[in-house]
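Hi everyone, thanks for making time this morning. I'd like to walk you through one protein chain, so please have the viewer open while I talk.

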Amino acid sequence: MEPIVWVKEYKEDELSPAPGIAGRFKRYVDSRETGQRLIHGLGRLEPGEDMGWHSHPEEEAFFVISGHGVMRWKVNDEVHEAEVGPYCTFYKVGGVPHQMVNTGSEPLIGVVAKVSADE
């Protein structure tokens with residue numbers, strides 16, 4: 001198999017709804033397609049949109065490019081919260097329930113990188 005290498009310019013018009021959560025997303029690297037562990041993409045929440053509580057087995061980092069919001073996560077049934085804005089990163093290990101809400105007046109746009117769990 002040839003190594004997969006690319007340089008990509010993100011384009012917001014490539015984003016589309018994701019089943020089961022609010023917002024628009026695009027995966028540029030998908031472990032299901034590459035056979036590797038990295039999942040990488042771009043996400044956008046409109047003002048007032050709430051991604052909703054969800055959890056997944058991958059560890060994840062979400063880097064905010066623009067906009068403002070609140071990240072929430074649960075540890076031992078206790079909810080924690082932090083405000084995020086440009087140049088903030090939210091990181092979590094796999095299995096942590098979390099939620100993102102756009103609390104600002106402009107779209108919240110960010111880059112996500114997840115590492116799928118070992119199989």
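Let me start with a definition: a residue is buried under 20% relative accessible area, exposed over 50%, and partly exposed in between, using a 1.4 Å probe and protein chains only. On that scale, 36% of the 119 residues of the protein chain count as buried.

A word on where this comes from. This is a predicted model, so local features need pLDDT of at least 70 and side-chain atom pairs count only at pLDDT 80 or more, while totals for chains, interfaces and linings use all residues. Residues are numbered from 1 along each chain as its sequence is written, and side-chain values use heavy atoms, with hydrogens and water left out.

Now the overall picture. Helices (H or I, at least four residues) and strands (E, at least two) are DSSP runs, numbered from the N terminus. The protein chain has one helix and nine strands, and along the sequence they follow the pattern β-β-α-β-β-β-β-β-β-β. The C-alpha atoms fill a box of roughly 45 × 35 × 25 Å along the principal axes. For the radius of gyration, taken over C-alpha atoms, the globule rule is 2.2 Å times the number of residues to the power 0.38. A compact globule with 119 residues would come out near 14 Å, and the protein chain has 14 Å, which agrees.

Contact here means heavy atoms within 4.5 Å. Of the contacts with a separation of 6 or more, 64% are between residues 24 or more positions apart.

On to charges. A salt bridge is a side-chain nitrogen of Lys or Arg within 4 Å of a carboxyl oxygen of Asp or Glu, and the count by this rule is five. One of them pairs Glu-46 with Arg-44, with the closest N and O atoms 2.6 Å apart. Those two are also linked with Glu-12 in a network of salt bridges. Arg-72 bridges to Glu-81 at 2.7 Å, and Glu-14 to Lys-8 at 3.5 Å. Glu-14 is partly exposed because its relative accessibility is 27%, and Lys-8 is partly exposed at 38%.

So which residue is buried yet has no salt bridge? That would be Lys-114, whose nearest side chain of opposite charge, Glu-58, is 4.1 Å away. For that comparison, Lys and Arg count as positive and Asp and Glu as negative, while His and the chain ends are not counted. Lys-114 lies in strand E9, residues 108-115. Leaving aside neighbours within four places in sequence, its contacts include Arg-27, Arg-37, Glu-58, Glu-59 and Glu-60.

Last stop, the surface. Accessible areas come from the Shrake-Rupley method with a 1.4 Å probe, and for residues only the protein chains shown count as cover. The total for the protein chain is about 7300 Å², with 52% belonging to carbon and sulfur atoms. Phe-63, Ile-65 and Tyr-87 make a nonpolar patch of about 330 Å². Patches are made of residues with over 30% relative accessible area and no salt bridge, joining like charges within 9 Å and nonpolar side chains (Val, Leu, Ile, Met, Phe, Trp, Tyr) within 5 Å. Ile-65 sits in strand E4, residues 59-66, whereas Tyr-87 is in the loop between E6 and strand E7 (89-92). Tyr-87 has a positive phi, near 75°, and counts as exposed because its relative accessibility is 68%.
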